[in-house]
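I am opening a notebook on this structure. The entries below follow the order in which I looked things up.

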Amino acid sequence: MKSAEVSTPGKLMLFGEHAVVYGRPCIVTAVDQRMNVIAEIRERNILQLIAPDVGLPNYLQDIDDLGKNPNIPKGARFVEIAVKNFFEKYAVKSGLKIETRSDFSSEFGFGSSSAVTVGVIKALSELFDLKLTEQKLFDLSYKTVLDIQGVGSGFDLAAAIWGETLWFVGGGKTIIPLDGGNLPIVVGYTGIKADTPTLVRKVEEENRKYPKTIEKIFEAITLITEEAKDILERRDWVKLGDLMNLNQGLLDSLGVNTKVLSSLIYAAREAGAFGAKLSGAGGGDCMIALVDNQTREAVERAIDKAGGKVLRIKTGAEGVRK
Ligand code: MEV
């Protein structure tokens, strides 16, 4: 039976999280930890999903009932809705076996849901010989994410599709590759899984209560992100570190920082990092610290000692590939 295999990178947010949900810019980088998706046409009118990483060794769903169960298990949701949306959009239908394997844990906040969504749609476009452009792949993936979680800027999908380090404006209005390369960063995982939609709604609530103030915070985050764009390309790590610290302060003021994130961030700064901030929605997941060859080891040790788990990754990774 015909099959297609693709892989998509995970991501790390560098600047501009939360503000990007309000149509503002962010800077995101793709990491060299990948999500692998193998899709195969099957005769039986069933979607079979094998996703042991998320506790689904053999999930089965009738093709005619895709998306009908309101309680699709969490690990199958993005795959099932991606297949449903693809079949509806391109008027095709078939039994399928889909297998997913990830290099990274879905707990890290590296964007496993967006990586799997892009992976499934790309694999299906190969199986059905539809040469989808990157923009079409983005649009259908973004629809899938919004169908499921209702909120999100789509930046993580852009990282999974285009890879590298990107300037991304909320909703995908502008997507430009930056000259980022492999950035000298250390990633510390808090051990706590954050729920992005909950945190986005928390900021939404603040915005409802204090619209003028929150607007000013988003404005300041935008200025930092704009400045970071040039400084990153110039590789001025001292200034980029300062901007990370400024961005962190504003994220704290939005209410998405935590004690655990703070302790890893301060540990990294005290060990000599140029700057450190949370990366992504906040509430847990990962923090990032900017280092050089002289400080990397000390910063890694400090994060470890403060209770974080150091994740070794490279940034600026390749986007979706066959
Ligand atoms: C989450 O990783 C980043 C947020 O800006 C949400 C989004 O952009 O979709 C908080």
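**Salt bridges**

I looked up Arg312 and found it exposed, with a relative accessible area of 61%. Here buried means under 20% relative accessible area, exposed over 50%, and partly exposed in between, with a 1.4 Å probe and protein chains only. This is a predicted model, in which local features need pLDDT of at least 70 and side-chain atom pairs count only at pLDDT 80 or more, while totals for chains, interfaces and linings use all residues. Residues are numbered from 1 along each chain as its sequence is written, and side-chain values use heavy atoms, with hydrogens and water left out.

Which residue does Arg312 form a salt bridge with? The partner is Glu300, with the closest N and O atoms 2.6 Å apart. A salt bridge here is a side-chain nitrogen of Lys or Arg within 4 Å of a carboxyl oxygen of Asp or Glu. The pair links distant parts of the chain, twelve residues apart: Arg312 is in the segment after strand E11 (309–311), and Glu300 is in helix H9 (residues 296–305). Helices (H or I, at least four residues) and strands (E, at least two) are DSSP runs numbered from the N terminus. Glu300 is buried, at 11% relative accessible area.

I then took Glu205 and Arg208, which form a salt bridge with closest N and O atoms 2.9 Å apart. Both lie in helix H5 (residues 196–209), three residues apart, about one turn of the helix. Glu205 is partly exposed at 35%, and Arg208 is exposed at 56%. My search of the whole structure gave 18 salt bridges.

**Nonpolar cores**

I noted that a nonpolar core is a set of buried Ala, Val, Leu, Ile, Met, Phe, Trp, Tyr and Cys residues joined through side-chain atoms within 4.5 Å. The largest has 55 residues, of which Phe15, Phe110, Ile185, Val187 and Met287 touch the most other members. Helix H6 (residues 211–234) gives the most to this core, with eight residues. A second, separate core of 53 residues includes Ile63, Ile81, Val83 and Phe138.

**Aromatic rings**

I counted ten aromatic pairs. Rings of Phe, Tyr and Trp (its six-membered ring) pair if their centres lie within 6.5 Å; planes under 30 degrees apart count as stacked, over 60 as edge-to-face and the rest as tilted. Phe108 and Phe110 form an edge-to-face pair, 5.5 Å centre to centre with 65° between the planes. Phe108 is buried at 12% relative accessible area, and Phe110 is buried at 1%.
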